[in-house]
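Work through the exercises below with the sequence and the model at hand. Each task is followed by a stepwise solution.

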Amino acid sequence: MREIRVIGDPVLRTPTEPVTDFDRDLRRLIDEMVESMYAADGVGLAAPQIGVSKKLFVYDVSGRKGHVVNPELTIDDADEVLDEEGCLSVPGRDTGKPLYAPTPRAAGVSVSGFDRLGRPVRMKARGLLARCFQHEYDHLEGVLYVDRLAKDAKRKILLQAP
Ligand code: ZN
């Protein structure tokens, strides 16, 4: 299990590098990310959140679970959906639990990329899974969900964060 990096850590603001080797180290990293996600009660985790600046995330949204290496994200349905969203890397200073805010996301997306063995994968998602994919993909670009909020809402969250 790895320590979850929190907002203020530069690794969360650094665009990630593609994974080049589909080797044992990658498989170990994926396993560590899955363990860290479950230990923290998360529904998704991107590699920068454990300090690894690589294009890779894991997820488990109501049992739809897996990992995507070198993901690409396509918006299929740009209709904006507003729903509560939080992030393990943006915890309350006092509670240590994620801070939530209604965050706009596209209603439907496709994600393509590779699995742990380098085999191509492609998924379509709507609802919470689409939200999760957009959130995790953002992490790989150095973007946090608070960046998607209106200025006042963002400020309110940041005042409660570490
Ligand atoms: Zn997050």
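Phe57, Tyr59 and Phe133 form a single aromatic cluster. The model is predicted, so local features need pLDDT of at least 70 and side-chain atom pairs pLDDT 80 or more, while totals for chains, interfaces and linings use all residues. Residues are numbered from 1 along each chain as its sequence is written, and side-chain values use heavy atoms, without hydrogens or water.

**Exercise 1.** Classify the ring pair Tyr59 and Phe133, and state which elements the pair ties together.

Step 1. Rings of Phe, Tyr and Trp (its six-membered ring) pair if their centres lie within 6.5 Å; planes under 30 degrees apart are stacked, over 60 edge-to-face, the rest tilted. A search of the whole structure gives 4 aromatic pairs.

Step 2. The centres of Tyr59 and Phe133 are 5.0 Å apart and the planes stand at 85°, so the pair is edge-to-face.

Step 3. Because Tyr59 belongs to strand β2 and Phe133 to helix α2, the pair ties together parts 74 residues apart in sequence. Helices (H or I, at least four residues) and strands (E, at least two) are DSSP runs, numbered from the N terminus.

Step 4. Both Tyr59 and Phe133 are buried (under 20% relative accessible area, 1.4 Å probe, protein chains only).

**Exercise 2.** Give the strand order of the sheet and name its edge strands.

Step 1. Strands pair if DSSP finds at least two bridges between them. The open sheet has 5 strands in the order β1-β2-β3-β4-β5, with antiparallel pairing.

Step 2. β1 (44–46) and β5 (120–126) are the edge strands, each pairing on one side only.

Step 3. Strands β3 (residues 64–85) and β4 (residues 101–114) are joined by 12 bridges; Asp77 stands opposite Gly108 in β4.

Definitions and conventions
Buried < 20%, exposed > 50% of the residue type's maximum accessible area, 1.4 Å probe, protein only.
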